[in-house]
Amino acid sequence: MIERRLFEFHFENGTSEGVFHAVYAYRNSDGGFGHGMEPDTASPESQPLFSIMALETLDEVGYLTKEIILNDFMPYFESITTEKGGIPWMFRPKSTYPCEEHFKTVKEWAALSTTAPLLGILEKYEVEIPWMKKAEQFVWSEFERIKDKHIFCYLCVPRWLTFLKHTKSQDKAKKTINDLKNYISNNGIICEDKSDDGWGLYGKPHCLNYVTSSESILYPLFTKETIESDIKVLINRQKDDGRWDTWYGISEGTKLEWAGIQTLWVLKVLKNYGRIEK
């Protein structure tokens with residue numbers, strides 16, 4: 001339903017309020033979001049990542065406000081903050097609902113991929129709360145610690161960039177962004193084999209995974225020819241039924257859910273580059 005309402009918002013003049021109601025259907029009484037918001041698990045428990053996804057989605061459609069962040073989100077995030085100052089990526093589900101294997105063994109320690117975008121959104125909406133000080137120290141220390149790990153993940157890097165774009169420490173941010181550019185350019189991260197079935201999916205990113213529009217921070221990293229080439233290949237990968245597929249999912253049902261997520265992502269990218277016919 002979230003993808004449907006987002007599609008309406010981006011392509012059919014739908015309202016941000018519709019997206020809000022779809023997102024909040026996944027909200028729990030503790031303020032976190034669960035219930036399989038991401039198809040990897042159907043368990044109802046609140047998950048940090050799902051709560052970040054909810055925050056990002058409301059921001060995407062312009063529904064998010066400073067008041068919503070402080071009243072509806074921060075009490076949950078503060079309640080799960082670790083001693084290091086960051087929030088975990090996920091928690092191991094306590095229920096017996098189906099889930100991917102990595103959920104059952106996930107390390108429940110503070111993570112850059114959730115703490116960084118949360119801080120970035122707080123900065124964007126000019127929120128100033130004591131929680132941010134230690135969290136920011138954690139984020140900078142993580143950037144230094146992990147270096148080029150996880151840059152293959154096209155879901156991690158944009159979340160890092162949310163923080164780097166909005167942090168007040170722009171000198172540090174510029175250096176980190178330059179490091180990211182070097183890592184992506186020089187480590188064989190981009191999948192050059194466009195015939196690979198996994199091209200553009202997890203672990204085998206193409207340039208559009210990092211530059212979803214010409215406004216992306218990493219846009220100067222790629223030539224216009226490279227971007228245009230990847231757009232053409234992406235268009236050609238559409239299936240006969242209209243979807244853009246993914247190999248991922250623990251069942252045929254969740255594979256369809258992921259295909260819906262992937263299809264919406266592709267359509268937004270194509271719209272950003274002026275390739276959607278009116």
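This is a predicted model: local features need pLDDT of at least 70, side-chain atom pairs count only at pLDDT 80 or more; totals for chains, interfaces and linings use all residues.
Leaving aside residues up to four places away in sequence, Thr-114 touches Leu-49, Ile-52, Ile-87, Pro-88 and Trp-89. Thr-114 and Met-74 are 40 residues apart in sequence, while in space they are 13 Å apart, C-alpha to C-alpha. Glu-123 also lies in helix H6. With residues up to four places away in sequence again not counted, Glu-123 touches Met-132, Glu-136, His-166, Thr-167 and Lys-168. The table sets out the accessibility of these two residues.

| Residue | Relative accessibility | State |
|---|---|---|
| Glu-123 | 11% | buried |

**Helix H8 and what covers it**

Helix H8 spans residues 156–166, and its buried residues are Cys-156, Val-157, Arg-159, Trp-160, Leu-161, Phe-163 and Leu-164. The cover over these buried residues includes helix H3, helix H6 (112–124), helix H7 (131–146) and helix H9 (170–186).

**The packing of H2 and H3**

Two packed helices are described by the angle between their axes and by the distance between those axes. Helix H2 (residues 16–24) and helix H3 (residues 48–60) pack at an angle of about 175°, and their axes are 10 Å apart. Because angles over 145 degrees count as roughly antiparallel, H2 and H3 are roughly antiparallel to each other. On the H2 side, Val-19, Phe-20, Val-23 and Tyr-24 take part in the contact, and they meet Ala-54, Thr-57 and Leu-58 in H3. The residues of this contact between H2 and H3 divide into six nonpolar, one polar and no charged.

**The second largest pocket**

The second largest pocket has a volume of about 320 Å³. Its lining is made up of 15 residues, and those that lie nearest its centre are Met-1, Glu-3, Arg-4, Glu-257 and Gly-260. Helix H1 (2–11) and helix H11 (252–272) are the elements that give two or more residues to this lining. Which element gives the most to the lining of the second largest pocket? H11 does, with six residues. By type, the residues of the lining of the second largest pocket divide into nine nonpolar, three polar and three charged.

Technical notes: Residues are numbered from 1 along each chain as its sequence is written. Side-chain values use heavy atoms; hydrogens and water are left out. Axes are lines fitted to C-alpha atoms, for helices over the stretch in contact, and angles run from 0 to 180 degrees between N-to-C directions. Helices (H or I, at least four residues) and strands (E, at least two) are DSSP runs, numbered from the N terminus. Angles under 35 degrees count as roughly parallel, over 145 as roughly antiparallel, 65 to 115 as roughly perpendicular and the rest as oblique. Contact means heavy atoms within 4.5 Å. Ala, Val, Leu, Ile, Met, Phe, Trp, Tyr, Cys and Pro count as nonpolar, Asp, Glu, Lys and Arg as charged, and the others, Gly among them, as polar. Buried means under 20% relative accessible area, exposed over 50%, partly exposed in between (1.4 Å probe, protein chains only). On a 1 Å grid over the protein atoms alone, a cavity is a set of points where a 1.4 Å probe fits but cannot get out, and a pocket is an open set with protein on both sides within 12 Å along at least five of seven lines; lining residues have an atom within 4 Å of a point. Grid points are joined across faces, edges and corners, and a volume is the space filled by probe spheres set on the points.
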